[in-house]
Amino acid sequence: SIMSALAFVMIFCLCYKSKDPLIHEIALLALACAFALKIYTAVFGVLLLKEKDIKSAVRCAIYAIFLFVFPAACHRSGFIESFKLYIEALSSYTANLDFGLEAAQLSLKRIVTLLAIALHAPEAVNVLYPIFMVLLVALLTYLIVFSKKEWHTLLALSLATIMIPSLSWPY
């Protein structure tokens, strides 16, 4: 589902500025599909807001909510049971993770943990992580809001999806 979400985000990024209404709508549906697969891909909706395209942002949000909720409504056990299963599966997956020294993990939490270990102060993670998170969010927000270059915004949004969730190493 990660590669599918990435493909949908790429389609969105390539097509959301299209003047062709059909291509533009496909871009909105692509972002909605990405959201249905991985919720945090919704941050790419900021691109619509930055373009001041509120109508498209609202349509995209409606598509996304529908695509996220509709499969649960079709589940044989019903909507509520389906969401309970979803939450249980998510909880059991994150509870059983081994947060060892995964080489590919790029989350901010892992980077701060490695820094604290390098400084021989593993207990410093609880102090450093919130500080670094605030700095990262401030930097990414600044780039997203004030940068005139689209690649800055795309980079900031991409980094947000990789570094902010503490569970980024499987990606």
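Analyst: The side chains of E81 and K84 form a salt bridge, with 3.5 Å from N to O. The model is a predicted one, and the distances given here are computed from its coordinates. E81 and K84 lie three residues apart in helix 5 (residues 79-95), so about one helical turn separates them. An α-helix has 3.6 residues a turn, so residues three or four places apart point the same way. E81 has a relative accessible area of 37% and is therefore partly exposed. K84 is also partly exposed, because its relative accessible area is 43%; the class covers values between the 20% limit for buried and the 50% limit for exposed.

The structure holds four salt bridges. Two of them involve K17. One joins K17 to E51, where the closest N and O atoms are 3.6 Å apart. This pair connects distant parts of the chain: K17 is in the loop between helix 1 (2-15) and helix 2 (21-37), E51 is in the loop between helix 3 (46-50) and helix 4, and 34 residues separate them. K17 has a relative accessibility of 41%, so K17 counts as partly exposed. E51 is likewise partly exposed, because its relative accessibility is 41%.

The other joins K17 to E150, with the closest N and O atoms 3.5 Å apart. Here too the pair links distant parts of the chain, from K17 in the loop between helix 1 and helix 2 to E150 in helix 8 (residues 150-163), 133 residues apart. E150 is partly exposed, because its relative accessibility is 33%. Taken together, K17, E51 and E150 are linked in a network of salt bridges.

The buried residues of helix 4 are S56, A57, C60, A64, F68 and A72.

Note on methods. Residues are numbered from 1 along each chain as its sequence is written. This is a predicted model: local features need pLDDT of at least 70, side-chain atom pairs count only at pLDDT 80 or more; totals for chains, interfaces and linings use all residues. Side-chain values use heavy atoms; hydrogens and water are left out. Buried means under 20% relative accessible area, exposed over 50%, partly exposed in between (1.4 Å probe, protein chains only). Helices (H or I, at least four residues) and strands (E, at least two) are DSSP runs, numbered from the N terminus.
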